[in-house]
Amino acid sequence: MQPLDGVKVLEFSTMITASLAAMMMGEQGASVVKVEPVEVGDPMRHLGSSKGGMSALFANCNRGKQSLGLDLKSAEARTIVERLAAEADVLLCNYRPGVMDKLGFGSEHLRAQNPRLIYCAISGFGTQGPDRGLPAYDPIVQAQSGFAAVQGAGKAGPEFVRNLTCDKITAYTAFQAVTAALLVREKTGKGQHIDLSMMDAGLFFLFPDGFMHKTLLDEDAQHTLPLSEMLYDLTLTKDGAITVSAANPAQQLGLLKAIDQLHLMADERFNSQEKLLANLDEFREVLSRELLKHGTDDLLRKLKENDVPAAKCLSYEEVLAHPQYEANASIDRFEHPRMGNLVRIKPPARFGGERAEPGGASPAHGEHTAEILRRLGWSDADIERLVAEGLAFGADVQAAKAPS
């Protein structure tokens, strides 16, 4: 039995945060209905590499869901959503503050009808303050929560993590908050409202090490270099690049032994931890010159023999072919009915020693509209009318005409 078997999730989202959180819940057993506008659906469907009218980004965040296409401003949509929310355990949304209330799907309204509902509202910056209504994208949140400052520490200036980092951090935070609320509901029988902002989730994630040197406020606090400046070095070799994290004296000794530079331990510039930190840039320059003399594979072998944490900087192809991922059964290959052959990454957590399989195919826009409306009691004639009037969208309009 999967941890979230029987949990029903209703998702209103554009882009990553609510979509990924809902997918992770689905891959632990929940059933997920994704409600999308009739025009183009979730804009993520159209971003980046694609095939069969669906982007790989969308497929990677929406496995195993049902898609319901609705004109969310219509009276019919309000009735449909109220029916779905009445039977749901969780509602996830990531529209700007106030949008769901204007549509008639606000937390107080839906939870009054279903007191067991856990309503998680994700925003960019929160529900109060000067930025509450502004559009939020990952680079904006990275800039405002300190990621760009941390990435650029010791360099020419701020740099971004070139990945939708804050979007995904927020998704994981939402997933954790919702499952915690489900646990509370088991004790109390009551749902609750959860507010979560990308900006808060980003800073909370970054702070423990990224703001380590800004945590202690008293004048007698002893400050050293941030970990980002000490551990994250890219080192070129004769035929590639590696990273070495010699974080303590034993590992630093092992590094010097691996490259035949033990004499540096006696060098007046580096012969204590304090001197090493004071002359870290010079020490790195010496090491860089020596490491360039070695081939990558031979160097990694020597470093591992001396118990020094090190890794080759892998290409995309090398990552997917790495034998450790094979040993962990991390990667799945799947034939999607519209997108063809896909690579998928399995959920990382193992329950009872078993790794969960990824969910089914990501849905076409409105693929399950007719199926969901029939289940809620709409007749085929009503479904055909909604589709004809543009109030609902089905990926296959003929599905509404098929016998139930």
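Where is the place of serine 362? Serine 362 lies in the loop between strand 15 (354-355) and helix 17 (369-375); helices (H or I, at least four residues) and strands (E, at least two) are DSSP runs, numbered from the N terminus.

Colleagues, a word on the source. This is a predicted model, in which local features need pLDDT of at least 70, side-chain atom pairs count only at pLDDT 80 or more, and totals for chains, interfaces and linings use all residues. Residues are numbered from 1 along each chain as its sequence is written, and side-chain values use heavy atoms, with hydrogens and water left out.

Serine 362 is buried, at a relative accessible area of 2%; buried means under 20% relative accessible area, exposed over 50%, partly exposed in between (1.4 Å probe, protein chains only). Leaving aside residues up to four places away in sequence, serine 362 touches several residues, among them Met54, Phe58, His336 and Met339, where contact means heavy atoms within 4.5 Å.

I turn now to helix 6. In helix 6 (residues 138-145), the residues Asp138, Val141, Gln142 and Ser145 are buried. They cover an arc of only 105 degrees around the axis, which puts them on the same side of helix 6; the arc is that of the directions from the helix axis to the C-beta atoms. The buried residues of helix 6 pack against helix 7 (147-151), helix 8 (165-188) and helix 9 (198-210).

Finally, the partner helix 9. Asp138, Val141, Gln144 and Ser145 in helix 6 meet Met198, Met199, Gly202, Leu203 and Leu206 in helix 9. After helix 6 comes glycine 146, with a positive phi near 105 degrees.
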